[in-house]
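Student: I would like a close look at a single part of this protein. Please walk me through one residue and its surroundings.

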Amino acid sequence: MADAAPQRLGREEALALIGNMGSRIRNMGGACLQGADLSTADLKRANLTGANLSNADLSGAYLRGANLTNANLAGADLTNTNLKGAVGLH
């Protein structure tokens, strides 16, 4: 039996998962956010180590100071995304 494809999160579901955590560090290391609509999301200082963000819409998102070490960003839309001070990008 083949594995089921991961369920893609819509904008509301993705933002609900992240939650409104103010300026606290968000720990989403290893999260599967494949194809999620995170456009304009505030992910400042988020820990996204090893997260699957492939094909995610991060256009206009605020990822300042985020840790993206080993995160999968293949096919992600990073148009106008603020990545100042983000680590793990190469």
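Tutor: Let us take Ser54, which sits in the segment after helix H1 (11-18). This is a predicted model, where local features need pLDDT of at least 70, side-chain atom pairs count only at pLDDT 80 or more, and totals for chains, interfaces and linings use all residues. Residues are numbered from 1 along each chain as its sequence is written, and side-chain values use heavy atoms, with hydrogens and water left out.

The protein has one helix and zero strands. Helices (H or I, at least four residues) and strands (E, at least two) are DSSP runs, numbered from the N terminus.

Ser54 has a relative accessible area of 7%, so Ser54 is buried. Buried means under 20% relative accessible area, exposed over 50%, and partly exposed in between (1.4 Å probe, protein chains only). Of the 90 residues in the protein, 31% are buried.

What does the side chain of Ser54 make a polar contact with? Its partner is the side chain of Asn52, at 2.7 Å. A polar contact is a pair of N or O atoms within 3.5 Å; within protein, one must be able to donate a hydrogen and the other to accept it, and residues adjacent in sequence count only if both atoms are side-chain atoms.

Now look further along the chain. Leaving aside neighbours within four places in sequence, Ser54 is in contact (heavy atoms within 4.5 Å) with Gln34, Gly35, Asn72 and Ala74. Across the protein, take contacts between residues at least 6 apart in sequence: 12% of them join residues at least 24 apart.
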